[in-house]
Amino acid sequence: MTAKRRRLPPAIALLLLAPWAAECAWGGFTLTGMPFVVLVLAPMYGGAALLIRETARRLGLGWPGIVALAAAFGVVQAGLVDQSLFNPGFLDDTEFADTQAVAQQTTVPGLGFSARQAVDYVGNHVALSICGPIALVESYLGADRRLRPWLGRPGLAAVALLWLAGSLLVFADDGGRKNFLAAPAQLAFAAVVALALITAALRHRPRLMAAATSIAPNPPGALTPDTRTARDQPQPVRSTTPLAPRPIWVGLAVAVAYAGTGLVPGWPGIGLALALATTTAVLLVRWSHRPGWGQRHVLAAGSASLLVAAAYAYAVPTYAPATPAAALLGDVAISVIVLALVGAGWWRLHTPSSAAHAPAR
């Protein structure tokens, strides 16, 4: 298989997984409706996930950069494309119409949007639409391919056009925006926030990225002249730097943060959600700089939200009314799909070629 053909399968996998994770993994659609949702929304969700992943890997932005770009996508999607963030009637024709009263408790004066919905919309785009799918797909790759770009410049341009076309399709469709158009001040606010997040992402260039990418030419476990020499020398005294925690603790930290964002209503709930997100982000950054951090930790962090969302699917209605049997069948299918994807990712990381403990930034 040529290098180009080896890069194409993970790109296609991310293109299809992103829309499924964004709209189906939490129970939004029945099993029969999932294929249509994936195909229609793949250009917008999958295109964004590919663009973010390729940009981050080309520029060495690392996961902090991916998270910031994912948040920018969430603001663009909810604020500029379907404008659900500013439309108080966006969910009126769905089974979630009764959530609007709760959302209005946290309306931001002057801008007319709910802070509750902003946290939910943007947070879910970060966790489910972008970060979870990227972490999963990259976990299926060997260490020599995980941090490398998959697309050349023509492919990157094609994906950018695909994302733009998918976003314009949703924006131009009255059903996509629910016959609503945000005020100029609201659109400007969303644009400024998105640009600020993009700027923050592009300014983050981890120094460890160079070391992470430099391992690619040597296969995992290969002995270079330097390592052969080091092997024959007396071993230095062990560092007192604490090791990275087990992946299970990383996953639990993210799961608690994701599950806890909606536990408390009103403004106290917004404070709790932001505190959980900030604490978890600080922990992940600190842990990721410790010895022993690898792709298993990344997979644990990226899959935790998907696992929690899949569990919530049994208690969450679908957008459109569905029979109890159809809803249950869809929820069971979600559980099977998520468990299979995550389980296969863990199994893949246990194979020698995956080099699970290689740097994963």
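A salt bridge, in this talk, is a side-chain nitrogen of Lys or Arg within 4 Å of a carboxyl oxygen of Asp or Glu. Hello everyone, let me walk you through this chain. It is a predicted model, where local features need pLDDT of at least 70, side-chain atom pairs count only at pLDDT 80 or more, and totals for chains, interfaces and linings use all residues. Residues are numbered from 1 along each chain as its sequence is written, and side-chain values use heavy atoms, with hydrogens and water left out.

Let's begin with confidence. pLDDT is the predictor's confidence in each residue, from 0 to 100. The chain averages 89, and 86% of the residues score at least 70. Helix α14 (residues 295–312) has the highest confidence, at 98, while helix α10 (residues 208–213) has the lowest, at a mean of 41. Helices here are DSSP runs of H or I with at least four residues, strands are E runs of at least two, and numbering goes from the N terminus. Over residues 207–232, pLDDT stays under 50. Where pLDDT is low, the predicted coordinates should not be read in detail.

Now the overall picture. The chain has 15 helices and two strands. Of its 361 residues, 47% count as buried; buried means under 20% relative accessible area, exposed over 50%, and partly exposed in between, with a 1.4 Å probe and protein chains only.

What about the inside? A nonpolar core is a set of buried Ala, Val, Leu, Ile, Met, Phe, Trp, Tyr and Cys residues joined through side-chain atoms within 4.5 Å. The largest one has 87 residues, and Trp 20, Ile 66, Ile 130 and Trp 150 make the most contacts inside it. Helix α5 (residues 115–139) gives the most to this core, with 13 residues.

Back to the salt bridges: how many does the structure hold? There are five. Lys 178 pairs with Asp 93, their closest N and O atoms being 3.2 Å apart. This pair links distant parts of the chain, 85 residues apart, with both partners in loops. Lys 178 is partly exposed, at 25% relative accessible area, and Asp 93 is exposed, at 57%.

Arg 57 and Glu 138 form another salt bridge, at 2.9 Å between the closest N and O atoms. They sit in helix α2 (residues 34–59) and helix α5, 81 residues apart. Arg 57 is buried at 4% relative accessibility, and Glu 138 is buried at 0%.

Definitions and conventions:
Contact means heavy atoms within 4.5 Å.
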